[in-house]
Amino acid sequence: MELSDEGYRLDAEFDIQLSPGLEEAVNRGVPLHFIVEFELSKPRWYWFDEKPVQLTRAYRISYTPLLRQYRLSSGSAYQNFTRFDDVVRALSRVRGWPVAEKGAIRSEGGYQAAIRMRLDTAQLPKPFQLNAVASRDWNLASDWYRWTVHP
Amino acid sequence: MRPLILLCVVTGAGLVYLMSQASANTALFTRNYPALLGLGGLLSVGLMVLIGYQLLVLKRKLRERVFGSKLTLRLMVVFALMALVPGSLVYAISFQFLQRSIESWFDVRMDKALEGGLNLARNSLDNSLNELGRKAENMAQALASAQASEPATLDRLREQFAVDEATLFSQRGKVIAFAGAEATSLQPEFPLAGVIRQVRAQQPVRSVELIPDRGLFLRVITPVNVLTIAEDIRILQLLQRVPAAIAQDARVVDQGWRDYQELTLARVGLKRIFGLTLTLAMLLTLFSAIALAFLLSERLSAPLSALAESTRAIAKGDYSRLNPVRSRDEFGVLTQSFNTMTRQIADATEAMERNQQQLENAKTYLESILSNLTSGVLTFDERYYLRTVNATAYEILGIPAGAFHGLKLPDWTTHVATVTPFAEIVMGQFASAANRQWEQQLEYRRHDGARTLLIRGTRLATRGDTGYVVVFDDITHLAQAQRDAAWGEVARRLAHEIKNPLTPIQLSAERLQHKLLQKLPESDADVLKRATGTIVNQVTALKGMVDDFSLYARASRMAAAQVSLNDLVREVLVLYESMGVPIEPRLGENLPQVAADPALLRQVLHNLIQNAIDALAGAEKPRIVVTSALAAGGIRLSVRDNGSGIADTVFGRIFEPYVTTKPKGTGLGLAIVKKIIDEHHGQILVENLKPHGAHVSIVLPLREAA
């Protein structure tokens with residue numbers, strides 16, 4: 001995470017291992033939704049932790065069989081790929097995510113930052129949700145990666 | 001228990017409804033579907049636990065043999081079967097149907113058709129793309145050789161080749177010229193940097209792209225080759241919108257293929273979902289049905305249990321318990337009938353108890369009569385087993401009470417030998433008597449003497465209840481009294497008749513002596529003197545005898561006074577001091593006075609002492625002891641000698657008159673004593689002493705009994 005003129009920007013790289021089942025699902029046209037969650041927190045002994053920043057970013061991987069194209073979209077922005085590996089690689093890279101205002105981090109003690117990416121199983125079609133409940137293959141989530149941020 | 005089951009059932013129903021809704025693809029439940037499944041599973045387990053608990057309760061009831069529990073079990077099993085069998089059948093069919101129908105969505109032809117459609121769309125697009133590629137190459141060649149300004153050439157070329165949008169980029173990706181057919185596409189679509197790099201390497205890029213908000217486009221990027229090295233390579237990008245109809249169709253095919261593929265992939269999941277929903281619904285329904293079956297069967301068997309409880313109460317004699325009639329069905333009718341029956345039983349029992357009480361009273365009355373009867377009463381059944389016996393019977397027969405209880409008459413003799421004559425007579429009479437009633441007198445020898453019994457027997461033959469009744473009386477006293485009265489009468493008359501001539505005899509004899517004594521010669525006179533002397537003496541003796549008779553026979557005229565017994569004894573004993581027999585008085589001190597006739601008492605003492613002296617005639621060391629002492633019931637006066645005692649032959653009748661062993665004696669001595677003591681309401685006991693001697697003991701009451 002680095003401070004630029006516009007605020008804090010986050011670069012992150014995830015090691016995503018999509019199971020064959022998930023890859024097949026994508027290839028058969030099932031869109032996968034991924035959510036990257038980021039939060040800044042500062043522990044407080046007297047109350048819940050202070051969380052000045054809680055952000056999520058949604059990604060969607062879909063396949064268009066007509067065009068044989070994979071598409072990674074986030075909001076209105078999108079990218080097309082012809083190979084599955086490429087789209088996964090693109091997904092695993094988060095570049096320049098503006099996560100905080102310049103003045104958001106003021107405290108002396110520093111903040112705990114955490115980030116993770118997970119497959120949003122709630123957005124899966126219903127039959128797969130059950131798979132997600134039952135099978136580990138369908139339940140993809142990274143652990144929280146935590147580090148301390150100093151202003 | 002009941003609210004819990006109802007709650008579970010209602011929740012289950014709600015859950016099944018929600019799950020069916022969730023299965024119908026509504027967005028709201030999609031998210032919560034696993035939670036619903038979990039809740040359903042939890043509820044099933046909960047219901048199962050409830051059913052298990054109910055089963056346990058039922059089992060305990062069965063083991064304790066609670067009435068109605070068997071019926072509950074039976075009803076429960078029936079209900080459960082009724083739910084289970086059709087439910088399982090429907091479930092099995094539904095499940096099978098579900099699996100089949102889901103499978104039937106997929107088949108190879110469908111797969112092939114969709115694949116073909118997709119390929120068709122792809123080929124169509126590819127054709128268009130190739131066409132656009134050729135156009136691009138032609139345009140690129142035209143552009144390369146064109147002399148006119150680039151925008152104009154591009155515009156011309158675009159119209160010539162009927163391309164929607166044409167953009168010419170510089171090598172670095174800057175727009176050199178742009179020509180667009182549509183008003184909206186004033187902004188050219190930029191290719192990516194990577195693409196430009198690829199194109200610069202003389203590799204044209206052809207792609208079909210879905211541009212959001214604009215639709216499906218064909219994009220061809222091709223290098224505009226230079227003729228001379230000095231010039232920069234330019235890049236031409238053509239964008240051609242795919243015709244709307246084709247785009248639409250292609251999208252439909254694409255969507256269809258995707259949906260189909262998704263379905264194929266989701267097949268297992270779908271089956272699982274539907275199967276789970278179905279199974280859960282089935283389980284919930286089934287368990288609910290069974291749990292409800294419990295409630296229902298308990299409810300059905302409840303009136304039975306109530307009836308059973310009432311029955312038990314009735315068996316214990318409690319008729320007060322009436323069951324409220326709650327329903328109007330057969331159970332209600334049954335309960336009502338039961339109540340009616342209970343009331344009737346209560347009435348009947350009350351009447352029975354009343355009768356019983358009456359019978360009891362009658363029996364008690366009869367028994368009290370029997371026990372207060374002075375006659376002995378025995379009843380036997382036809383085999384001579386003793387049935388009834390009153391206390392007087394035992395008393396008269398002189399045997400301990402209850403000795404013959406439940407014994408056969410012939411067996412009595414082995415128990416108590418003394419009753420043998422009695423039993424023999426009774427048996428003999430009943431055996432022989434043709435008539436139903438008989439009467440016989442028996443000299444019954446008891447341990448304390450002989451008794452005269454009058455026995456009357458009756459054979460019972462009323463209403464088939466055969467048996468024997470024996471009534472007997474101790475008529476000893478009666479016979480004695482009769483005998484005494486007869487003797488008294490005889491004695492009185494005899495005394496009277498004999499006494500009358502005695503005095504003239506005596507006077508005549510004396511007169512004979514007086515008149516003739518001087519006139520007769522000496523020898524005759526002597527004879528006369530002896531004869532008259534004998535007459536006078538004998539007459540005097542006869543007189544004494546007659547006086548005794550009259551004394552015994554006279555009517556009692558007791559003149560009672562307070563007498564000091566000891567003084568009386570001393571007074572009498574003085575008279576016997578010169579008789580040659582030592583008499584030893586052992587008189588108790590401070591004795592109270594007794595109410596008695598002193599003259600009669602003197603008579604008693606005289607008689608007793610005279611008897612003793614007579615008994616001592618010829619005995620060695622003759623001795624008489626007269627004792628007075630305080631005793632139970634009065635003062636005891638006893639006279640004891642060491643003489644010959646009383647002969648066994650007369651011992652039983654010692655108090656009867658004219659019973660004597662003495663050579664000269666009227667036999668009235670003890671009879672008179674007995675009579676006097678009886679008049680004083682005292683008791684007299686005579687016994688022989690060991691080795692020899694007799695003892696007469698008299699108890700006089702202190703105060704004369706009223």
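Q: How many helices and strands does chain A have?
A: Chain A has 3 helices and 9 strands. Keep in mind that this is a predicted model.

Q: What pattern do they follow along the sequence of chain A?
A: Chain A reads β-β-α-β-β-β-β-α-β-β-α-β.

Q: And how many of its residues count as buried?
A: Chain A has 151 residues, and 48% of them count as buried.

Q: What about contacts between residues 24 or more positions apart in chain A?
A: Take the contacts in chain A with a separation of 6 or more. Residues 24 or more positions apart account for 66% of those.

Q: Let's pick a residue. Where is A:E39?
A: A:E39 is in strand β3 of chain A, which covers residues 32-42.

Q: Is A:E39 buried or exposed?
A: Buried. Its relative accessibility is 12%, and the cut-off is under 20%, so A:E39 counts as buried.

Q: Which residues does A:E39 touch?
A: Leave out residues up to four places away in sequence. Then A:E39 touches A:K51, A:V53, A:Q54, A:Q112, A:A113, A:A114 and A:W144.

Q: I also clicked on A:Y78. What lies over its face?
A: That is A:R71, at 4.1 Å from the ring centre.

Q: Which residue sits over the ring of B:F655 in chain B?
A: B:K674 does, with its charged end 5.8 Å from the centre of the B:F655 ring.

Q: On to aromatic pairs. How many are there over all chains?
A: A search of the whole structure finds 12. Take B:F422 and B:F472 as one example. Their ring centres are 4.9 Å apart and their planes are at 70°.

Q: Why is that pair called edge-to-face?
A: Because the planes are at 70°, and over 60 degrees counts as edge-to-face.

Q: Where do B:F422 and B:F472 lie?
A: B:F422 is in helix α11 of chain B, residues 420-432. B:F472 is in strand β10 of chain B, residues 465-474. So the pair ties together parts that are 50 residues apart in sequence.

Q: Which residues form an aromatic cluster?
A: B:F380, B:Y384, B:W412, B:F430, B:W438 and B:Y468 form one.

Q: Now helices. How do α7 and α8 of chain B cross?
A: Helix α7 spans residues 244-315 of chain B, and helix α8 spans residues 330-372. Their axes come within 11 Å and cross at roughly 5°. That makes α7(B) roughly parallel to α8(B).

Q: Which residues make the contact?
A: From α7(B), they are B:L300, B:P303, B:L304, B:L307, B:S310, B:T311 and B:I314. From α8(B), they are B:F331, B:L334, B:T335, B:F338 and B:T342.

Q: How many of them are nonpolar, polar or charged?
A: The contact of α7(B) with α8(B) has 8 nonpolar residues, 4 polar and no charged ones.

Q: Last one: B:I176. Where is it found?
A: B:I176 is in strand β2 of chain B, residues 175-180. With a relative accessible area of 30%, B:I176 is partly exposed.

Q: How far is B:I176 from B:E150?
A: Their C-alpha atoms are separated by 7.5 Å. Along the chain, B:I176 and B:E150 are 26 residues apart.

Definitions and conventions
Residues numbered from 1 in each chain as written. Chains lettered and ligands numbered in written order. Predicted model: local features only at pLDDT ≥ 70, side-chain atom pairs only at ≥ 80, totals over all residues. Heavy atoms only, no water. Axes fitted to C-alpha atoms, helices over the stretch in contact; angles between N-to-C directions. Helix = DSSP H or I, 4+ residues; strand = E, 2+ residues; numbered from the N terminus. Parallel < 35°, antiparallel > 145°, perpendicular 65-115°, else oblique. Contact = heavy atoms within 4.5 Å. Nonpolar A, V, L, I, M, F, W, Y, C, P; charged D, E, K, R; others polar. Phe/Tyr/Trp six-rings, centres within 6.5 Å; stacked < 30°, edge-to-face > 60°. Lys NZ or Arg CZ within 6 Å of the ring centre and 35° of its normal. Buried < 20%, exposed > 50% of the residue type's maximum accessible area, 1.4 Å probe, protein only.
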